[in-house]
Amino acid sequence: MKISLNILRKFLPELRNPSREIAEVLTMGGFEVEEIIPVKAHSSGATGVVTAQVTRVEKHPQADRLWVCEVDDGQGTHQVVCGAPNVKSGMKYLFARVGAKIPSGGEIKKARIRGVDSNGMLLSRAELGISDDHSGIMEIHNDTKIGIDFNELDSDIDVILEVNVTPNRPDCLSHLGIARELSVLLGATFVVPEIKLKEDDQDVSQSARVRLLAPEACPRYCGRVIHGVKIGQSPDWLKKDLERIGQRSINNIVDATNYVLFLLGQPLHAFDFSRVQGGEIQIRESQAGEKLVTIDHAERELPPGILVIADREKPIALAGVMGGAETEVKDETRDIFLESAWFEPRSIRQSSKATKLASESSLRFARGVDPEGVTVALDYAAMLILQIAGGKLARGSIDSYPGKKSAGKLFLNLPEVQRVLGVSIPPEESLRIFTRLGFRPEKSGDGSGLEITIPSFRQDLKEPVDLIEEIARVYGYGKIPPTLPGLQADQRQFNARERKSFDFGKKVRELFSGQGFSQVITYSFISSSENQIFSEGEELKISNPLSEGMEAMRKSLLPGLLNTVAHNLRRKFNDLRFFELGRTFRPGAGKKAEIQETNRVAGMAARVKSPDGWRRLLAQEFDIYHLKGILENVFVGLDLENIDFREMPQRGFEPGLSGGIFWDSRFEVGQFGLIAESVRTRYEIEPAVFAFELDLDTLFSRGIRSKKFSSFPRHPGVEWDIAFFVDHTITYDEIRKVILESDRNLIKDATLIDLYRGKEQVEAGKKSLAFRIYYLSPDHTLTDEEVRAVHRRVADNLRRKFSVAIRE
Amino acid sequence: MDWEKKLGELESQVSELLAQAQKAEDFFRIKQQFLGKQGEIAGLLRGIREISPELRPIFGQRINQAKQLLEDRIAEASRQAESRQARGGGETQDLTLPGVWNPPGRIHPISQALDEICEILEDLGFQIADGPEIETDFYNFEALNIPKGHPAREMQDSFYIDDEIVLRTQTSPVQIRVMEKQKPPLRIYAPGRVYRRDMDVSHTPMFHQVEGLWVDGGITFSDLKGVLMLFAERLFGEGTPVRFRPSFFPFTEPSAEVDIGCRICRGEGCRVCGNSGWLEILGAGMVHPGLFRRVEYDPAEYTGFAFGLGVERIAMLKFGINDIRLFFENDLHFLKQF
């Protein structure tokens, strides 16, 4: 919220502290000042323009609309002829001396206007180049010194503070509230501006009637009537003040109500009273089918049951949110009904939500305004309107207040203060803080506590601990000494499983990055159609997604990775290896079942072309065996055993080049393979992309092997090779199994060392394989004879099982 | 005799000889010929008597320089020849060639920042805790003193699955889940993804938070300050200025926002810190008694403090990143910098 230091001075007449200090004090008091905006020196190029006071105004003898003024510019008095309607004796303006240069029209010269000498000129905003307003001369604050050069004056005109008011402090959404806080924090004198009202003889009840039909939603409704106002532009000071706090000037009546809102925090509304049918104001709930054209000129169908202001016939305003166009104050308006009310916050939030409308008024009502401040604001606004728009104020005001509550009281047990804050604050200090805050504290009989009457504007205070915060805040967080509680570890409730699971994820991360994969983080929500690429079944949908394409909670991490690959391809990277660690989401099966969140890791590798490298280490085309090798590598690093890869169709992958990953042959823990061409096309990815996804939760909870030592032979083993032709449908796994099972005792390992499928030397439908077999006996060094015997058995088995042709 | 000219000749003579030299004896011979007792340099020095006395110091200096130069050159050439010999004299190896390696992938900067935060908290005795990312309205709001219609719900526009199920907007619900299961004393932290309906230079609809909670008999606001000051100094360096200012969170009372002195301007005021000289890093406060009542802890017996911080914010400050959306664009130009 924008706070003007000038306006604050209405409440804090002695406020002279530098703006930086004020900002600091507010920030450390809980009202963060986000920006300090000095109302800047206007580099208009004007020279010779100074502040000056008009000391006498007389009618021009020869012209009706001209005035002859005496102007004091600090150096002397000058006679000036002026045509502005707002020139008044005693007021201060900006004065261009003879010889001055002004942005709008060159140099000011001595002149003779209809027979009267004029030595200088009083300037309008337009002439100063500030705005296009030339309806009158620019008034400046009366406490400004005279004789100050316009360009120097500017930086002192005002300072605006952008203050962040937390939602618990609606009382500070106004200059009044901020001033009250500042007075406490700075110890400055706080004054309430005086309100003087001249009332007419005619009583308000003679023209207006209020029927409060929804006392729950509107515990208090007040109003005044002013007859015969003259609608027009606001005076300069008002326009300027509104402009500085970010508000647009509309007309004098609307500006007055707006000004009071920002001044006192109470939203007001002025109705064109002649348009209020029967002079009757009803506060009631809307009925089905009712409509209202709001002041933004949109016709709105009103949802039934929201709070409206109505006349005898129809709704004329959305209570607390926005006025209606028909009763809006217009140029021809003469009589106004001025409303000031206290609406129940919940009711205004409902209206705001139902109509999707929010305003400065609804914001304040929704958070809670001061129920006792309603009439003060009403009277202040009435005074201001009489001042700037004239008219006659009907005697008395309407005050319908069925919801009056007695002041709240809280008891604060003083030792609690130290128990929570850790610092001993003398009771007198607490007492002083509460008194300054406008609370009425009374010491309890035994002196151990304070009974505190909470003022009506502090509805946020509900519990004793809220009072402790008030003490801490005003006392100063900075003055509370830092201490360290005993840092002895308390391991009794050690969350071992969570700790290990977290570390497992970290290890996965290190292993994949070691394999050249970079970690990415993508959004957990994707489009519904992407969500179907890799898995069927139900998904969780966000009812209010941020945008299209972000409506479903991902069931797989792969679409996010595809987007990452596509993005980086467009950036012309050609070695793309990524992984992500994160959760996937599925609705639970059955009605009451919990939503399933699964920790997963997925990765993708795409290579556009071989990277240039002098040794071409990476020159090999990335293929499915590279992917499998990387996964196997990671499994070893994670101490995962009993993992096998099985060819089987996977949704979104190329059939034949993809499969499932199983633990203990039973639990499917993941998938891997080549992404289907149709999927690549969808993401505009040209090169082949290999991908995998693993369920970390299952792997973590089941797969980790327990390490156990077993003794090993101390003598050497031997390696013998065997090569053969075999039908190409026979798999490596099958062959290796037969080799290993030929002698479980002596054969320790069999490694594939060659695979050839070319046309030369190999007949069609066959492949040539070579294995290196590692022979080792548990108790002695093997002789050639022993090995030859087993090796022959291997060859026999292979011939028998797969009809291989051994190559000699 | 023109000794300047003579010196020049000696230097080029040495260069020629060195270019042909192969074996250690060759170098030894060259050294003898020029730098030995009967060598050329010594010979030149003997001629000093013929030089006028006033020029003698200059002459001596020059000779010594030349001597040093020749010594260095011979030594260098001999060393090179030796290493050539050691490699078998054949093809030379250029060890400046790039190593053959498989470049490792990078760890996402968010993970890196998160690791650092977690490590500090572990050192302070906090234990990790976890909770779901999709939460019920109860855990995300109600239990944290944010009933339906509470103005604080405006602060965090949320994503809903349905009326009762929400993507968690903060890691704070983990506080409730842990307190429901465990009795004090407890000291936990909970890292994870959170979601809010917002997107601009400083907001993304998904980001990461770390929540901390310490509950025991006798925990005070002073303790909150002490622990978080220690945390901030570990994270941002010793001597980092830290300040606590009043703020509002529905689930803590009193509440505070914690700022560190701006790292860019050192407190002078700059664009990054909005001229304030301070940068907000986390929110904290004393656990509201309402939460304790909800999990059946006795507020008269226990007090505690909680804090929450945005990991992206910390990473942005630490790495000087100015647009939060970069974290989720996953551009390799970006990822490779960390």
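1. Two strands are taken to pair if DSSP finds at least two bridges between them; helices (H or I, at least four residues) and strands (E, at least two) are DSSP runs, numbered from the N terminus. The model is predicted: local features need pLDDT of at least 70, side-chain atom pairs count only at pLDDT 80 or more, and totals for chains, interfaces and linings use all residues. Residues are numbered from 1 along each chain as its sequence is written, with chains lettered from A and ligands numbered from 1 in the order in which they are written.

2. Strand S24 (residues 392-395) of chain A runs parallel to strand S13 (residues 199-203) of chain A, joined by two bridges. Here A:Asp203 stands opposite A:Arg395. S24(A) also pairs over two bridges, in the antiparallel sense, with strand S15 (residues 220-227) of chain A, where A:His227 stands opposite A:Lys392.

3. The contact between the chains (C-beta atoms, placed from the backbone, within 7 Å) takes 75 residues from chain A and 71 residues from chain B. Helix H9 (residues 221-236) of chain B supplies the largest share of the chain B side, eight residues.

Definitions and conventions: Two residues are in contact if their C-beta atoms, placed from the backbone, lie within 7 Å.
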